[in-house]
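Here is a short briefing for a first look. Please keep the sequence and the 3D view open while reading.

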Amino acid sequence: MPERPTTTAARADRADLVADAALALLAERGMRGLTHRAVDEAAGLPQGSTSNVARTRQALLELAVRRLADREERVLALQELPDPREGADAVLDALALTAHRALTHNRELTLARYELALEATRRPELRAHFDAAGARFRAQLTALVTALGSPSPDRHALTLIAWADGLLFSCVAGSYHAEIPPVPDIRADLREIIAGMLGTRSAE
């Protein structure tokens with residue numbers, strides 16, 4: 001019995017390794033490049049290892065979605081943002097840095113997310129997992145804009161998410177893929193958007 005936690009931990013580590021390899025493949029090769037054999041090779045695991053963790057393609061995609069959410073949550077760290085009640089300046093600084101990281105150090109995760117989002121439009125069973133993962137961020141962002149003083153937090157959370165998704169897509173996979181806006185420019189955009197939401201309660 002004392003060995004069971006170790007076994008459980010080892011299985012969790014193996015699942016994370018498989019999921020990370022799957023995300024890397026999605027970013028590099030797209031959905032067609034994601035196979036169990038390719039994941040084994042990318043993760044440096046014996047053939048058949050990925051099948052032991054996620055037997056079907058659907059299970060592998062669900063594993064990738066869960067791992068993506070965990071990793072993006074650490075990148076965004078919305079729960080660690082400065083307290084909005086102390087002023088918007090520090091919040092704007094943190095949000096701008098987070099968006100910039102998604103465009104640079106975490107570009108691979110952003111590409112993998114787009115692949116999974118498109119696949120979810122064709123797989124209702126995957127859509128449920130994708131939406132559940134995204135609900136974490138929606139809730140955190142809604143709480144954030146509420147604390148900033150938004151009179152319509154649900155609508156304003158959607159506005160911020162739509163802006164962020166548009167920026168990330170344009171600069172990672174769209175016509176601005178060769179350009180990465182500097183942190184001050186991203187912060188200026190955020191300030192203008194949030195100031196517009198809050199009306200006279202400017203986010204300066």
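Which helix gives the most residues to the lining of the largest pocket? H7 does, with 8 residues. This is a predicted model, in which local features need pLDDT of at least 70, side-chain atom pairs count only at pLDDT 80 or more, and totals for chains, interfaces and linings use all residues. Residues are numbered from 1 along each chain as its sequence is written, and side-chain values use heavy atoms, with hydrogens and water left out.

**The largest pocket**

- The largest pocket has a volume of about 780 Å³. A pocket here is an open set of points on a 1 Å grid over the protein atoms alone, where a 1.4 Å probe fits, with protein on both sides within 12 Å along at least five of seven lines. The volume is the space filled by probe spheres set on the points, which are joined across faces, edges and corners.
- Its lining has 31 residues, where lining means having an atom within 4 Å of a point. Leu76, Arg113, Phe137, Ile161 and Asp165 lie nearest the centre of the pocket.
- H4, H5 (88-103), H6 (107-120), H7 and H8 each give two or more residues to this lining. Helices are DSSP runs (H or I, at least four residues), numbered from the N terminus.
- By class, 22 lining residues are nonpolar, 4 are polar and 5 are charged. Nonpolar covers Ala, Val, Leu, Ile, Met, Phe, Trp, Tyr, Cys and Pro; charged covers Asp, Glu, Lys and Arg; the others, Gly among them, are polar.

**H7 against H8**

- H7 (residues 124-148) and H8 (residues 153-172) pack at an angle of about 115 degrees, with their axes 8 Å apart. Axes are lines fitted to C-alpha atoms over the stretch in contact, and angles run from 0 to 180 degrees between N-to-C directions.
- Arg138, Leu141, Thr142, Val145 and Thr146 of H7 meet Pro153, Asp154, Ala157, Leu160 and Ile161 of H8. Contact means heavy atoms within 4.5 Å.
- This contact has 6 nonpolar, 2 polar and 2 charged residues.

**Buried residues**

- Glu72 is found in H4 (residues 57-76). Glu72 counts as buried because its relative accessibility is 12%; buried means under 20% relative accessible area (1.4 Å probe, protein chains only).
- Beyond neighbours within four places in sequence, Glu72 is in contact with Leu109, Arg113 and Phe137.
- His156 lies in H8 and is buried, at 5%. Leaving aside neighbours within four places in sequence, His156 is in contact with Ser150, Pro151 and Met197.

Note on methods
Buried means under 20% relative accessible area, exposed over 50%, partly exposed in between (1.4 Å probe, protein chains only).
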